[in-house]
Amino acid sequence: MKNGKLIVISGASGVGKGTVLSLMMQKRDDLFFSVSATTRAPRPGEVDGKHYFFISKECFEEMIKNNEFLEYDAHAANYYGTLRGQAEAKQKKGHVLLDIEPKGAAQVRKSAPDAILIFIMPPSIEELERRLRGRGDTSEDQIAMRMERAIWEMEQRTWYDYVVVNYDAQRCADEILSIISKLED
C-alpha cells in the first residue's frame, strides 16, 4: 500500500479548525490526527498520547538535535512540535492531519516537500472576532492579540496549496475532503 499524504491544516484561532478536522475524521477512517509533543504541563483532563505527548524540555531539545521533529516552535516558554516518527508511522495507514500554524507549516514544507498545505479562512474578520468573543473564555487583551496574530496568519495563505473559507463547518470539511479525494486520483 502507498503511504498517505501529510496534510497541514492552518487557520487563525477561532476559525473552526478543530470542528472541521473532527467532521472530516468522522467521514473517513483513513485520516489520522498527528498528536503534537509539548514541554508544558498537562492541563486537567489531558491524557498523554491523546491530547499531547508531554515531555521534558531537556528531552525535547535532545530530540531537536536528533532531527526528530517535522516542525517545532516555542510559545510562552514551552516547546511544541510534530514528531516525525509518529507522522511517518501513521502515513503507512492513511493520510495524516497536522493542525499547525504558518511557521510550522513552512517548516513542514521544507522537511516534507510533498505535504499538502490547506489554509482555512473565516468568512470575514468581523465573523472571526464574533467567534472568538462567542467562546466566552477569552479576555479583551487576548482577543486583541489573537486578532492581530490572525491578520498576519491570513496574509500567509498565499503560499498554501489550497485556501478554503469556513462559512459552515460541514461544508468546509466536505470541501477539504474533496481536495483529498482529488489528490488520490
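User: In this predicted model, which elements each supply at least two residues of the lining of the largest pocket?

Analyst: S1, H1, S5, strand S6 (78-83) and H6 do. H6 gives the largest share, six residues. About 1500 Å³ of space lies in this pocket.

User: What makes a residue part of the lining of a pocket?

Analyst: A lining residue has an atom within 4 Å of a pocket point. For the largest pocket, 40 residues qualify. Tyr-52, His-75, Tyr-80, Asp-99 and Glu-101 lie nearest its centre. The lining divides into 12 nonpolar, 16 polar and 12 charged residues.

User: Which residues lie closest to the centre of the second largest pocket?

Analyst: They are Lys-2, Asn-3, Gly-4, Lys-5 and His-95, out of 16 lining residues. This pocket holds about 200 Å³ of space. Its lining has four nonpolar, five polar and seven charged residues.

User: Why is one space called a cavity and another a pocket?

Analyst: In a cavity a 1.4 Å probe fits but cannot get out, whereas a pocket is open. The structure holds one cavity of 30 Å³ or more. About 30 Å³ of space lies in the largest cavity. Ser-34, Ser-36, Thr-82, Leu-98, Asp-99 and Ile-100 line it. Of these, two are nonpolar, three polar and one charged.

User: Why is Gly-49 called partly exposed?

Analyst: Its relative accessibility is 32%. Buried means under 20%, and exposed means over 50%. The value for Gly-49 falls in between, so Gly-49 counts as partly exposed. Gly-49 sits in the loop between strand S3 (37-38) and strand S4 (53-54). Its C-alpha atom is 8.6 Å from that of Ser-36, 13 residues away along the chain.

User: How do you know that the buried residues of H4 are on the same side?

Analyst: In helix H4 (residues 102-111), the buried residues are Pro-102, Gly-104, Ala-105 and Val-108. They cover an arc of only 155 degrees around the axis, so they share one side of H4. Their cover includes strand S1 (6-11), strand S5 (69-75), strand S7 (95-99), strand S8 (116-121) and helix H6 (140-155).

User: What makes a set of residues a nonpolar core?

Analyst: The members are buried nonpolar residues joined through side-chain atoms within 4.5 Å. The largest core has 41 residues. Leu-6, Met-24, Leu-98, Val-108, Ile-118 and Ile-176 have the most contacts inside it. A second, separate core has six residues, among them Ala-37, Met-63, Phe-69 and Tyr-79.

User: What is Leu-6 in contact with, leaving aside its neighbours within four places in sequence?

Analyst: Its partners are Leu-70, Ala-87, Gln-91, Val-96, Leu-98, Ala-112, Ala-115 and Ile-116.

Notes. Residues numbered from 1 in each chain as written. Predicted model: local features only at pLDDT ≥ 70, side-chain atom pairs only at ≥ 80, totals over all residues. Heavy atoms only, no water. Buried < 20%, exposed > 50% of the residue type's maximum accessible area, 1.4 Å probe, protein only. Helix = DSSP H or I, 4+ residues; strand = E, 2+ residues; numbered from the N terminus. Arc of directions from axis to C-beta. Contact = heavy atoms within 4.5 Å. 1 Å grid on protein atoms, 1.4 Å probe; cavity = no way out; pocket = protein on both sides within 12 Å on 5 of 7 lines; lining within 4 Å. Points joined across faces, edges and corners; volume = space filled by probe spheres on them. Nonpolar A, V, L, I, M, F, W, Y, C, P; charged D, E, K, R; others polar.
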